[in-house]
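Please open the model in your viewer and keep the selection tool at hand. The stops below each begin with something to select.

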Number of protein chains: 2
Amino acid sequence: MPEFDLIARIKARASSRPDVTLGIGDDAALLRMPPGKLLVVATDTLNAGVHFPIGTAPADIGWKALAVNLSDLAAMGAQPAWCTLSLSLPGSDAAWLDGFLDGFLALADQHGIALVGGDTTRGPLSISVTVHGLVDDGAALRREGARAGDDIWVSGTLGDAAGALAQWREGQPVEPALRARLERPTPRIALGIALAGVAHAAIDVSDGLLADLAHVCDASAVGAEVDVDALPASTALHATFDDVACRGLQATGGDDYELCFTAAADQRDAVACIAGDVGVRITRIGRIVPGAGVHAHRADGSQWRPVHAGYVHFE
Amino acid sequence: MPEFDLIARIKARASSRPDVTLGIGDDAALLRMPPGKLLVVATDTLNAGVHFPIGTAPADIGWKALAVNLSDLAAMGAQPAWCTLSLSLPGSDAAWLDGFLDGFLALADQHGIALVGGDTTRGPLSISVTVHGLVDDGAALRREGARAGDDIWVSGTLGDAAGALAQWREGQPVEPALRARLERPTPRIALGIALAGVAHAAIDVSDGLLADLAHVCDASAVGAEVDVDALPASTALHATFDDVACRGLQATGGDDYELCFTAAADQRDAVACIAGDVGVRITRIGRIVPGAGVHAHRADGSQWRPVHAGYVHFE
């Protein structure tokens, strides 16, 4: 199938939006910005064998390629609007592409984000997505806004994706509930939007809670105290790993794409209310303190040290 | 070097702009759109061994990765504003990254485009860039605007990049002037901007003149007649190849990143004036006709047939 047929195949299935003046098929897309909004742009690439195992179902790859990008918009409190897709494929495989689009476009349609352009090239399997969102000027959630005294919160449960990966690496059968979290992460878009203007700082948990929280602390010039026994875990994680392993996965495992955010302690009820409204479980796991660095402790106050501190792409 | 050090190295060298509210270093960039403009978005990926030979100098790779994207903005008549960069690298090599940034940022600074975010991951060498530009509502150059009776124009000279590639593939020493066109293409930004609102349709020549012009014809539901003897060639191309080879390279060779555009015949003087103002040579090579398809002929009116019709990524 020539490149142009691949593009036609993608174009035929992609939804549009009224603010897309020109979508797939020209040299570039033309998009209409609403007044008073800031444009929010993030980009993330998934490579076969690095970000997903060779042989992952194409629909799961498509879902995840968009999900990890939407998660960045969620962490800014932004409303998704448009995305582009660069696909590098070893060959031209219509069935693979159709499967990929099943996953990608299912998630795109869920969030009303229009695929407006992209690129298909020959090369090792790699998917690069750029997402565009909108946020009210002044309301965006930045990493640099955390203040001493803030509560630290996290959405959903932690460690599930890393648990699935640990089972897969050890050649064990992977618990389905954990596998679903690894392959089909849920970007916390509604929560992020609802927290915009309320939370002080936010980040999505992609490299591991402690590693990602450290980025917030660095950017905000503050420290953090985290109670690792307060970290939320799924029933599946508890049923699969012992307590020590669970804590390690929760505190340092990546790929969960939950939101970690900070908010003033006097906003505790407002934050709980927001989470209730959007139907997302949130858990208070610590507080921001003066100083620097992330200090993890057990419920009894004793220090907790991770075996490794989060996923590092280059070592 | 960990991923975060790579990002810090990039951030330290990237220029900003006043409309960048938040650049490299958060989950996403925050950008301020001027009122009355449309957002123009294009994305293109370069893979090692596909879009450039293994062993290409990193500075040339950096230049070209941005140039091919800027060329898409030029073809829309858009003013460059912001870009993101997704780098997949087999390893972490500070010297390689510095060289890459030398080329990438030299071109970025030339066009006042700010690098506002991106992603660095492990994987086979691949560079995915997304560019954002601005254009007045209604002035963008689309492929679909060509009308029967329009002149067809092309900027610069054609076939140089394909000539360099042909020499390289045959193991010959590559003529330096041709190599420069392959490795450091010039996106025709100023020409594209000046033509916005004047030209009827435009495309950049990346796959080969006849192939790219065919896209304009398809999108506009018109045909085209092209005089292959009128196609502009550089002195270096003429000095390196015989006339038959030259014509083939000019008509079907890709990677020149010149602009091919159409404009009303009564705008001939205005178009020539615009090109003079921006200092870019343009050549009238044919006309748009009713019907479909691109018909290439010699100066004597006899039909001309390409040996192959342009670069196809998947066959």
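Which residue of chain A forms a salt bridge with D137(B)? Select D137(B) and R32(A): these two form a salt bridge, and their closest N and O atoms are 2.6 Å apart. A salt bridge here is a side-chain nitrogen of Lys or Arg within 4 Å of a carboxyl oxygen of Asp or Glu. Side chains of opposite charge can pair when their charged atoms come close.

Before continuing, note that this is a predicted model, in which local features need pLDDT of at least 70 and side-chain atom pairs count only at pLDDT 80 or more, while totals for chains, interfaces and linings use all residues. Residues are numbered from 1 along each chain as its sequence is written, chains are lettered from A and ligands numbered from 1 in the order in which they are written, and side-chain values use heavy atoms, with hydrogens and water left out.

Next, select the whole interface. Across the interface of chain B and chain A, the rule finds six salt bridges. On chain B, 63 residues are in contact (heavy atoms within 4.5 Å) with 63 residues of chain A. Of the interface residues of chain B, 100% are also interface residues in chain A, so the copies meet through the same surface. Together the two chains bury about 5,200 Å², 56% of it on carbon and sulfur atoms; buried area is the accessible area (1.4 Å probe) that two parts lose on being put together, summed over both.

Now select strand β2 (residues 29-31) of chain A together with β3(B). Three bridges join these strands, which run antiparallel; strands pair if DSSP finds at least two bridges between them, and a strand is a DSSP run (E, at least two residues), numbered from the N terminus. Within this pairing, A29(A) stands opposite V41(B).

Finally, colour the model by chain. Chain B can be laid on chain A by a turn of 180° and a shift of 0.0 Å along the axis, with an RMSD of 0.0 Å, after least-squares superposition on the C-alpha atoms of residues with pLDDT of at least 70 in both. That is the relation of a two-fold axis.

Methods
Helices (H or I, at least four residues) and strands (E, at least two) are DSSP runs, numbered from the N terminus.
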